[in-house]
Amino acid sequence: MTAFRKNLIDGEWVGDAGSRNINPSDTGDVVGEYASAGVEQAGQAIAAAKAAFPAWSRSGPLARHAVLKKAADEIMARKDELGRNLAREEGKTLAEGIGETIRAAQIFDFFAGETLRLSGEVVPSVRPGVGVEITREAVGVVGIITPWNFPIAIPAWKIAPALAHGNTIVFKPAELVPESAWSIVDILHRAGLPKGVLNLVMGKGSVVGQAMLDSPDVNAISFTGSVGTGKRVAAASVEHMRKFQLEMGGKNPLVVLDDADLAVAVDCALNGAFFSTGQRCTASSRLIVTEGIHDRFVDALKERMEKLVIGDALDAQTQIGPVVDATQLKQDEDYIAIGVREGATLAFGGERLDRKTPGFYLKPALLTEATNAMRSSREEIFGPVASVIRVQDYDEALAVANDTPFGLTSGICTTSLKHATHFKRNSEAGMVMVNLPTAGVDFHVPFGGRKGSSFGPREQGRYAMEFYTTVKTAYTFAG
Ligand code: ADP
C-alpha cells in the first residue's frame, strides 16, 4: 500500500479522514488511502485559488513554461512507475497505463510551448486615430472535475491549458482513481507552482463536486463524466453565469462497407470496441455492417476475440484488463441481458471470468442481429460490449450511424474514396475516422463532439484556448 495521500489546499497538504481504493484486478489489494475533503475544505480550496489568481494570471510566460516543462519531464521520466500505478488502480493494461502516462507528459510539453506562443491582434478602428487591441485573458478560478477512465490524461488535458493561460485551479478527480490524480498534483506542486494556484480536493462528487458547482467564486468548470452529472454542471453554471465545458458519453458507430479491407475493419472493431476494456467515451459500441461483408466480418471478429488475453492488468501478457468496479460490471451485464431480451443474439462472450486473483473480469461480448432501436444500441454501456447492426447499403449505414442522441466520434471502413469523403462530410460527430478505430486521438488537435456528447468549446491543442481564456477588445484614442 502507498503512503496516506492528502489534499493540497493553498500549498499545504491537508486532511485526515481517509477513503481507500482497491485494485480491480485483485480486490484484496488496497492501492492506497486518501484524504476525503468535505464542503468546508472545498470552500478553502476555492478561496485559495481566488487569492492566487491575480499574481498567477499576470505571471510571465516563462514562469508558466518552467513549471509545465518540468512536470512534463518528470512524468516522462517516471512513466513506468506512474503507468503501473494507473493500471493498478483503474484496471487498464500496463501498456495502456504507460501509454496514457506518456500522453500526459506530451500534453504538458505541448502547453509549455503554448505559453510562449500567446498572441493577440492589433487592428485599426473604423474611427481615425483610434487603435484596437484584441487580447486573451485568463478566466479566473477554474473547477476541473474528471472521471475514472483516463486517470492521468484527462486531468492533464484540462490542468495544462488552464495553467498555461494563467488560470488557477480547484481539481476534483474521480473517487476510484485518486492515486494518479494525487501524483500529477504532487509533480506540479514540486515543479514550483505558487501556493493556491493548483488545489486538489479528493472526495465525493455529491459533496466536493457539488460545492464547486454551488460556489459563485468558481468562474469556469471543465467537466468530463456522465450525462446526468453534466446536466447538473450545466444547470448550476447557468445559475452562476459561468463558463462551462462538458464532455460526456458516446455511442459511437463504426461503419463497415462491403468494399472494406476485412483485416483493417476487424482490427478497427477489435481495438475500438474492446481495448481499455471498452471504457472509453470514444469506444465503437455500434458496428454497422453492410449485408455483403456481414457474416465474414462477424466470423473474423469472433475469431480475434477468442484470442484476446483477458486478465490481471499488471501482467505483461494481458490485452484486456478487468472492468473498473462491481457497479460497472453489473451495468455491463445488465445491458447484455437487455440486448438479448430485446432480440439480439449473444454471439460471443459476456460471461464473468475467474482468474488467479479475485477481480471484475468480463469476457468481451458481441451482440449480433441487433437493431438501432434497442436500448443496448442507444444508451452508453461503457464496457467491453459491442452490437453488430446489419444494414443493406451505405445510405442506410449513414442514417443509422447518425440516428443516436450522441455525436462524439464515428468511423468508416471502406476502400471507396466516394463513400469515405461523403461520410466525413455527413457524419454528425465531432471526430470522424476513416479506416481507423473510433477511439485513439492525437493530443495536439481538437477533441470533442456534438449533440448529447459535448457542450462548449473543444478541448486539447490550440483550440483549448477558447475555454481557458476570455477575449478583451481594448480601444485607444491616441490623437
Ligand atoms: P462516471 O459514471 O464516469 O463516474 P460521473 O458523472 O458520476 O460519471 O462522475 C464524473 C465526475 O463527476 C466524478 O469526479 C464525480 O465525483 C463527479 N460528480 C459526481 N456527482 C457530482 C455532482 N453532483 N457535482 C459535481 N461533481 C459530481
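This is a predicted model: local features need pLDDT of at least 70, side-chain atom pairs count only at pLDDT 80 or more; totals for chains, interfaces and linings use all residues.
Local features need pLDDT of at least 70 and side-chain atom pairs count only at pLDDT 80 or more, while totals for chains, interfaces and linings use all residues. Residues are numbered from 1 along each chain as its sequence is written, and side-chain values use heavy atoms, with hydrogens and water left out.

**Domains**
- The protein is divided into domain 1 (3-248 + 444-477) and domain 2 (252-434), with bounds from an automatic or database domain assignment.
- The centres of the two domains, taken over C-alpha atoms, are separated by 31 Å.

**Interface of domain 1 and domain 2**
- The contact (heavy atoms within 4.5 Å) takes 31 residues from domain 1 and 36 residues from domain 2.
- About 2600 Å² is buried between the domains, 59% of it on carbon and sulfur atoms; buried area is the accessible area (1.4 Å probe) that two parts lose on being put together, summed over both.
- In domain 1, S25, W148 and K451 lose the most area to domain 2, together 21% of what that side buries.
- The rule finds 1 salt bridge across this interface, a salt bridge being a side-chain nitrogen of Lys or Arg within 4 Å of a carboxyl oxygen of Asp or Glu.

**Salt bridges**
- The structure holds 27 salt bridges.
- D29 and R88 pair at 2.9 Å, N to O; D29 sits in strand β5 and R88 in helix α3, 59 residues apart. Helices (H or I, at least four residues) and strands (E, at least two) are DSSP runs, numbered from the N terminus.
- Both D29 and R88 are buried, where buried means under 20% relative accessible area, exposed over 50%, and partly exposed in between (1.4 Å probe, protein chains only).
- K50 and D217 form a salt bridge at 3.1 Å, N to O. K50 is partly exposed, with a relative accessible area of 45%, and D217 is also partly exposed, at 30%.
- D334 and K330 have their closest N and O atoms 2.8 Å apart; both lie in helix α11 (residues 326-341), 4 residues apart, about one turn of the helix.
- A network of salt bridges links E74, R78, E81, D186 and R190.

**S377**
- S377 is found in helix α12 (residues 375-378) and counts as buried because its relative accessibility is 2%.
- Not counting residues up to four places away in sequence, S377 touches K251, R286, A370, T371, N372, S387 and I389.
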